[in-house]
Amino acid sequence: MHDFLYHRLHLDNYDHLEFPGVVPRTFIGALLVSLVAAPFVLVVNLLHLPKFYALVTVRMALGSITLYTLRFFRHKIRSKFGHQVEAFFVILTAIQFHFLFYCTRPLPNILALAVVNLAYGYWLEGRFYAALNSLIFATTVFRCDIVLLLGPLGLQFLLTKKISLWGALKRCTMMAFFCIGITILVDSIMWKRLLWPEFEVFWFNSVLNRSSEWGTHAFHWYFTSALPRSLLVAYPLSLFGLIVDRRVRSYTLPVLAFILLYSKLPHKELRFIISSVPIFNLSASVAANRIYNNKRKMIWNLLFIIMLGLFLISLGGTITTFMASYWNYPSGHALKRLHAIGESMSPETWIHIDTFSAMNGISRFCESDFPWRYSKEEEISMQELAQRNFTFLINEHPMINGFKCLFTEDGFSRIHLNPGFPPVLLVKNPKVFIHGNLRNMDLFDKNWPGCS
């Protein structure tokens, strides 16, 4: 998005050609979001505001797109289940930190989520081929793993005779070839080679099974960790919804199958199944509505009181997580502070950003113009750093030979339960260390606070 907005047609300046990442990703989503954000970024540039405001702009643009598709799904919930279920859906979504936080993150999973929301809306509306075609677009362009949702859903449509086999082959095959053609056309130009990105991702993750190199979890992790953290009160309510309303089962079972199939992959992350959250929220909303409507009955009244308590606990957890997330980007704060303190440095000031820092708050939107220069080169040993001509290092290591630690930046470490008020305290520890080359020792002694 940064390169579309600032480098435009100068493809040789694009970041992905120097730092391609483990697997290639499509540029279609970034292009669409950039088109939405471009008029607002133009205003930011005309006002000579820092590029950070452009970052906020593209995040807001992506969030608006995602929430607009979620709004489409919400309207279909109202048509199918009524206003009260819709209201509970809004409340449950609003108190789930992780889902709304992810809605503005520029990830292929979130671009796919926006399309999956449309598919859910078409599903409720009874437009079954449109739902399948939406999932085909999400699968072929943004995330190949959406096929694990497309399969169970298509099978259910066939078994319940919502679609015909011939109709599905005719309509969905055409859609698949169209989407594959679009992504190959756009991404082959951007990557400067013939390429279908999601096929390479599928080959890397599923055929070679190399995603496990980034960590593994047990088969049950999605059900015992990811879903409880993301859904909060909606988790038990969604299970209750399966019991009290038969209509919910037909919507929830394909999504449960999606998560079960995904659980076979050893490498697991919440973002991989984030597109299941809206359906679980629908099931939870139906259950909450049933409890609310029957609250005058004795047993249901007890359930209503318990539900209110869980809502409050979820809200408290969301507030706590929101506060913790503010401190989850120490390297971004460190780079901002480095720019402020070192603005009078000599020309050609080189900063090396290690992998940890690049993952914790630094993007190209955080970079300043000349004389600042940046390197994200990986696999440089600690000994080799001293031999390079870097002025500063933003690094996760507290000590590096040939450099002096100038200051540190704290990041969130853990939650501490406090017997007094407030009941929850956030514990922060030094996470990022900013080092200066000892060749510039005289400047550092005068202008830098030093590490404690």
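## Helix 17 and its cover

The buried residues of helix 17 are covered by elements that include strand 1 (349–353), helix 18 (355–358), strand 2 (372–375), strand 3 (392–395), strand 4 (403–417) and strand 5 (424–437). This is a predicted model, in which local features need pLDDT of at least 70, side-chain atom pairs count only at pLDDT 80 or more, and totals for chains, interfaces and linings use all residues. Residues are numbered from 1 along each chain as its sequence is written, and side-chain values use heavy atoms, with hydrogens and water left out.

Buried (under 20% relative accessible area, 1.4 Å probe, protein chains only) applies in helix 17 to Pro330, Ser331, Gly332, Ala334, Leu335, Leu338 and His339. Helices are DSSP runs of H or I with at least four residues, and strands are runs of E with at least two.

## Nonpolar cores

A nonpolar core joins buried Ala, Val, Leu, Ile, Met, Phe, Trp, Tyr and Cys residues through side-chain atoms within 4.5 Å.

| Core | Residues | Members include |
|---|---|---|
| Largest | 90 residues | Phe73, Trp123, Leu237 |
| Second, separate | 15 residues | Leu338, Cys366, Leu406, Phe407 |

In the largest core, Phe73, Trp123 and Leu237 touch the most other members. Leaving aside neighbours within four places in sequence, Trp123 is in contact (heavy atoms within 4.5 Å) with Phe128, Ala131, Leu153, Gln156, Phe157, Ser250, Tyr251, Pro254 and Ile279.

## Second largest pocket

Helix 8 (128–142), helix 9 (147–159), helix 10 (165–191) and helix 11 (197–207) each give at least two residues to the lining of the second largest pocket.

Technical notes
Buried means under 20% relative accessible area, exposed over 50%, partly exposed in between (1.4 Å probe, protein chains only).
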